[in-house]
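Trainee: I'm new to this one, could you walk me through it?
Mentor: Gladly, let's bring it up first.
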Amino acid sequence: MIRGYVQRTLSFLVIALVALLLQSCYNEGTPRAVILVSIDGLHPDYLDSLYTPNLLELAANGVHPAYMEPVFPSKTFPNHYSLITGLYPANHGIVNNSMYDPDLRLSFRISNREAVSDHIWWKGEPLWVTVQKQNRTSATYFWPGSEALIHGQRPTYWIEYDSSLPHGARIDSAMVAITRSPRPALVTAYFSAVDSRGHDFGPYAPETREALREIDGQIGNLIARLREEGLEDEVNVVVVGDHGMAATSSERVMLLDDYIDLEEVYITDLGPLGLLNVKDSARLESLLADLKKMPHARWFKRDQLPAELHYSGNTRISDLVGIADEGWQMASKSRFESNPDYYSGGNHGYEPWHPSMHTVFIAHGPQFKQGLQSDGFSLIHVYELLCAVLDVEPAENDGNLDEVVHFLQTETD
Ligand code: AMP
Ligand code: ZN
Ligand code: ZN
């Protein structure tokens, strides 16, 4: 009887050991991975069965919150870098697409190659650095920040931003990366066409819908290619936008010249936002008082913006910050008169809580629940979420996994 008991216990132990070994081999053979695709300027209202069947299918089989709220300002560089660091712009340093650092005495513009590849601008730890520190690799077929040596590192594989690179080539590059051995933890792709059309023609224009159809086709292409490689159930695909798009009109433009003498300020940005540095600090209060006469906008001194915008404590934030009402814009008289049509179409940058500024989050794959539709959430939590998906230790950040843990298959992930 004792022999029988020992035999049974032994065979149980052997089975348990084999199961454990198989499990660990399986885990080793399938390192966790995310393909993160950004569709710039993707608004939740854009999703419909006619133009975005592939995105909708991905959403139906994965996680699809009602919307994702961007961070302020609702512009491309601040939001992409918040997505990948979990930090608010004031904390990651990219406080706008255009900015001036008074300590460095340097200006930043997204079209300035030298600036975007200079590490001095980029604070915090992007996800590619997080995974590389933990012995995984990464590949970016565009992401703001990927061209700079941050913490002494760029993504393992990266290329210079080239807006003319065909969309299909971006997916090809992502597929080459994800089939590499060892498999990268993070592969990114980026598409600007929907945002560009949204600016030129407006959020609900047929031209914008056509761009949407084309990019949705690329998502379909990516899913089909993953399926062919047998990776559909091994690799997580996360599609995000960075902000939405509000309809604008040359009839809703306020001219800065009508309120202040432009000779008194340096203009860092004008549009949905007015970012001004004052030449003579003694004139600050008086200029602010004059700007406050502007209708359809709110003007603040640096560090006096509403706390919920998390936009304070960084000297790159200009002396005076104006925020136009949704759909309104600011311009200088000369710029406006030289091309009034430029101001009709769409724009973004407004406060994140405007529904028009909301964007999209869709996630599908082994680590995500299937068919989960949830409430809207903030983009600030995406870095924490992706660290949990990849099973890597996050760097310090402003996000909170508790806000998004219900997206995951195993909530303890
Ligand atoms: P925004 O108007 O704020 O949405 O900015 C969109 C523009 O950012 C697009 O027209 C892109 O060409 C540009 N852009 C996006 N990613 C990058 C990058 N990594 N480097 C330079 N420009 C970029
Ligand atoms: Zn954008
Ligand atoms: Zn844009």
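Mentor: We will talk about the ligand site, then the sheet, then some backbone details.

Mentor: Before that, this is a predicted model, in which local features need pLDDT of at least 70 and side-chain atom pairs count only at pLDDT 80 or more, while totals for chains, interfaces and linings use all residues. Residues are numbered from 1 along each chain as its sequence is written, chains are lettered from A and ligands numbered from 1 in the order in which they are written, and side-chain values use heavy atoms, with hydrogens and water left out.

Trainee: How many residues surround ligand 1, and which are the closest?
Mentor: There are 13 around ligand 1, and the closest are Thr76, Asn97, Tyr161, Tyr190 and Asp195; a residue counts as near if one of its heavy atoms lies within 4 Å of the molecule.

Trainee: How does that shell divide into nonpolar, polar and charged?
Mentor: The shell around ligand 1 has five nonpolar, six polar and two charged residues. Here Ala, Val, Leu, Ile, Met, Phe, Trp, Tyr, Cys and Pro count as nonpolar, Asp, Glu, Lys and Arg as charged, and the others, Gly among them, as polar.

Trainee: What about His199, how far is its polar side-chain atom from an oxygen atom of ligand 1?
Mentor: That distance is 3.2 Å for His199, and a side-chain N or O atom of His243 is likewise 3.2 Å from an oxygen atom of ligand 1. For His348, a side-chain N or O atom lies 3.1 Å from an oxygen atom of the ligand. A polar contact here is a pair of N or O atoms within 3.5 Å.

Trainee: And which elements give two or more residues to the shell around ligand 1?
Mentor: Those are α3 (76-85) and α8 (193-201), where helices (H or I, at least four residues) and strands (E, at least two) are DSSP runs numbered from the N terminus.

Trainee: Switching topic, what order do the strands of the open sheet take?
Mentor: Six strands run in the order β6-β5-β7-β1-β8-β17, with mixed pairing, and two strands pair if DSSP finds at least two bridges between them. The edge strands, each pairing on one side only, are β6 (157-158) and β17 (361-364).

Trainee: How many bridges join β1 to β7?
Mentor: Six bridges link β1 (residues 34-39) with β7 (residues 186-191), and the two strands run parallel; Val34, for instance, has Leu186 in β7 as its bridge partner.

Trainee: Which peptide bonds are cis?
Mentor: One is the bond from Phe72 to Pro73, with omega near 0°, and Pro73 sits in the loop between β2 (68-69) and α3. Another cis bond, from Ser181 to Pro182, also has omega near 0°, and Pro182 is in the loop between α7 (167-178) and β7.

Conventions: Polar contact = N/O pair within 3.5 Å; in protein donor to acceptor, adjacent residues only side chain to side chain.
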